[in-house]
Amino acid sequence: MGGGRSSAAIAGFLREKGFDKESIEKLLSKCKRLEEVQIEDASKNWEFLKSIGIEERKLRGVVAKCPKLLAIDASAKLLPAVHCLSTLASRPEEVAAAVVRFPPVLSHSVEEKLCPLLAFLQTLGVPEDKAGKLVLLNPRLVSYSIQDKLSEMVAFFSGLGFELGALGKILLKNPFIMGYSVEKRLHPTAEFLRSIGLKGQDLRRAVARFPQVLCRDAEKTLRPNAEFLRGSGLSEREVAMVVGGYPPVLIKSIENSLKPRIGYLVEAMGRELREVAEYPEFFRHGLKKSLENRHRRLEQMGVACSLSEMLECNHTKFAAKFCAG
């Protein structure tokens, strides 16, 4: 009887906070402890979460993702977690943003999860002052097991030839890479990169410069782009040079990015495709603002130069170099 009354009471509380019947049922199913929570405690936790800067409209989403936050002890769990996250933040709103991004971050123990994670990140070469920023940007890291998931990730990168201390730079470039499965995503993608000619130092350099490429599905995203480059006339070796020099080429839109640039290079500029193998960052430059504009100006002046000379300087230096006088 007591449990039923408590369940009805917490349901009434949640209705007052804007949850409909279906949402309330999901919350109670997701967190059985909610049925036994006193309204005073749930209200206290709700107000505490508001006090750290979470807007009411976002707070409903936070609780929907982690109803446990209304059931755990505020002074024993919520307060220490928020205090610890606050010491890592440079601005108060960063803590609220981290909680909104991954609400369960407040349900994990500071001593058992957060502190060991920060220490672990430093062993990977993440500076102490940036380890906290990393956690705030990707608070889901707190939920990963160091012994299992994170250690497996370290072993994977070690297998590519990275030294332990170098992993910090990769994490700082892409804090979300730790969330991907080594077996299902990172390893198959690395094998694909090897298959198109990136090996050893070339593979490490590409991954270090643009770790996001490892997070993409090799078959769905990377292979079509590599095949397009080959189909455009680049040799296997030249494809490897392009990908190694500018890894994002594998994730750019073929129709909206690669095809128009290659078409303009060959048809309008009258250049050979092999030039992009010598200057892969050609694909980084905007078609209208850089390629068309600069080519037109050079053509008007009768100036011939390489792609790198044409594109690697900013607009001011370009004007000073080619358009002065």
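## A helical protein, briefly

In this protein, 72% of the contacts with a separation of 6 or more join residues 24 or more positions apart, where contact means heavy atoms within 4.5 Å. Welcome to a predicted model, in which local features need pLDDT of at least 70, side-chain atom pairs count only at pLDDT 80 or more, and totals for chains, interfaces and linings use all residues. Residues are numbered from 1 along each chain as its sequence is written, and side-chain values use heavy atoms, leaving out hydrogens and water.

**Overall build**
- You will find 19 helices and 0 strands here; these are DSSP runs numbered from the N terminus, with helices being H or I of at least four residues and strands E of at least two.
- Along the principal axes, the C-alpha atoms fill a box of roughly 90 × 40 × 35 Å.

**Burial and charge**
- Of the 325 residues, 47% are buried (under 20% relative accessible area, with exposed over 50% and partly exposed in between, using a 1.4 Å probe and protein chains only).
- The protein has 50 positive and 39 negative charges, and their mean positions are 3 Å apart. Lys and Arg count as positive, Asp and Glu as negative, while His and the chain ends are not counted; each charge is placed at NZ of Lys, CZ of Arg, CG of Asp or CD of Glu.

**A look at glutamine 212**
- Glutamine 212 sits in the loop between helix 12 (200–209) and helix 13 (218–232).
- Its relative accessible area is 25%, so glutamine 212 is partly exposed.
- Leaving aside residues up to four places away in sequence, glutamine 212 touches Lys173 and Asn174.
- Lysine 173 is 39 residues from glutamine 212 along the chain, yet their C-alpha atoms are separated by 8.4 Å.
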